[in-house]
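Work through the exercises below with the model open beside you. Each task is followed by a solution in steps.

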Amino acid sequence: RDLYSQFLKEMIIQPGIAKANLGVSREDVTLEDHPLNPNPDSRWNTYFKDNEVLLQIDKDVRRLYPDMAFFQRPTDYPCLLILDPQNEFETLRKRVEQTTLKSQTVARNRSGVTNVSSPLKTTPNSLSEYEVLPNGCEAHWEVVERILFIYAKLNPGIAYVQGMNEIVGPLYYTFATDPNSEWKEHAEADTFFCFTNLMAEIRDNFIKSLDDSQCGITYKMEKVYSTLKEKDVELYLKLQEQNIKPQFFAFRWLTLLLSQEFLLPDVIRIWDSLFADDKRFDFLLLVCCAMLTLIRDQLLEGDFTLNMRLLQDYPISDVHLILKKAKELQDSK
């Protein structure tokens, strides 16, 4: 937890702007660190690059579990380091707002008239839809944003890839809703390290250059089909015949550990089983197969369009049934 607060100081507070009247002001701009300095090592250059990553994270975390109010609510334990009224640092939210305003979208319509519109006003789901919390408060999604931003800064090789927000969401929710207030209070730091450990095991799914290697996602998707062929050849042949490739549905199932297919409490229940798997996520392949075999009758009767709809919007919500089936498949080896 101390280490995490060190990361906050170095990566969030340092680039931020503190109140000048406290004797802490942005350093004088020198030629070496002028915003227009083309040197790739310039701190400004890093700042602008970070902003690109931050905007992507921001867009994704605001969409976390939209059917639940939890992520929009203020946390009981806002980050005092950053929200210290004595020393108003630039928060990530302010940084996003400034960056978004600077990059107003300029669209030219067919008659050649240039239309400058602020992205803040164009999309109905943008910032304006969220209740802006008063100073000194921060929403749970802002905490998640910070965790992902620090992870991206510390892991430049992978940085941030869309979908990581769906992996960090259930972890953070679990800590932040713990009945014990000590766990709740340290939810941000604890989630960061759990997320880092989990990503160390599943990060290969997010690295495009590894897709076709033995540890990449393509190999795992094919493994779902080869396991299905072993367990239910009739269903396997039907999906093959309709040219339903595993990447149409299993890519999301595997990469996001089923976090988008079920409601959050059910996702947490599934993850209990996945994290308990000593072969590290082999059980996930069996869960995917169980999901297919449980709707086999519908799949065998359906045409391509119907079956794609079933697989992309999975109809069974009873996760205990799915896990039981997966365990049967595991035991029948």
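**Exercise 1: a leucine in a helix**

L154 lies in helix α6, which covers residues 140–154. The coordinates belong to a predicted model.

Task: decide whether L154 is buried, partly exposed or exposed.

Solution. 
Step 1. Take the relative accessibility of L154, which is 34%.
Step 2. Compare this with the cut-offs: buried is under 20%, exposed is over 50%, and partly exposed is in between.
Step 3. L154 therefore counts as partly exposed, at 34%.

Task: list which residues L154 touches, leaving out those up to four places away in sequence.

Solution. 
Step 1. With those sequence neighbours set aside, L154 touches F7, M11 and F192.
Step 2. Take F7 from this list. F7 and L154 are 147 residues apart along the chain, and 9.0 Å separates their C-alpha atoms.

**Exercise 2: two packed helices**

Task: describe how helix α14 and helix α17 pack.

Solution. 
Step 1. Two packed helices are described by the angle between their axes and by the distance between those axes.
Step 2. Locate the pair: α14 spans residues 282–294 and α17 spans residues 319–331.
Step 3. Their angle is about 110°, and the axes are 8 Å apart.
Step 4. Angles of 65 to 115 degrees count as roughly perpendicular, so α14 and α17 are roughly perpendicular to each other.
Step 5. The crossing of the two helices, α14 and α17, is right-handed.

Task: state which residues of α14 and α17 meet, and give their classes.

Solution. 
Step 1. On the α14 side the residues are F283, L286, V287, C289, A290, M291, T293 and L294.
Step 2. On the α17 side they are L321, I322, L323, K325, A326, K327, L329 and Q330.
Step 3. Sorted by class, this contact of α14 with α17 has twelve nonpolar, two polar and two charged residues.

**Exercise 3: the whole protein**

Task: summarise the protein by its helices, strands and buried residues.

Solution. 
Step 1. The protein has 17 helices and two strands.
Step 2. Of its 333 residues, 45% are buried.
Step 3. Among contacts with a separation of 6 or more, 70% come from residues 24 or more positions apart.
Step 4. The accessible surface is about 18300 Å², and carbon and sulfur atoms hold 52% of that area.

How values were computed:
Residues are numbered from 1 along each chain as its sequence is written. This is a predicted model: local features need pLDDT of at least 70, side-chain atom pairs count only at pLDDT 80 or more; totals for chains, interfaces and linings use all residues. Side-chain values use heavy atoms; hydrogens and water are left out. Helices (H or I, at least four residues) and strands (E, at least two) are DSSP runs, numbered from the N terminus. Buried means under 20% relative accessible area, exposed over 50%, partly exposed in between (1.4 Å probe, protein chains only). Contact means heavy atoms within 4.5 Å. Accessible areas come from the Shrake-Rupley method with a 1.4 Å probe; for residues, only the protein chains shown count as cover. Axes are lines fitted to C-alpha atoms, for helices over the stretch in contact, and angles run from 0 to 180 degrees between N-to-C directions. Angles under 35 degrees count as roughly parallel, over 145 as roughly antiparallel, 65 to 115 as roughly perpendicular and the rest as oblique. A crossing is left-handed if the near helix is turned anticlockwise from the far one by less than a right angle, and right-handed if clockwise. Ala, Val, Leu, Ile, Met, Phe, Trp, Tyr, Cys and Pro count as nonpolar, Asp, Glu, Lys and Arg as charged, and the others, Gly among them, as polar.
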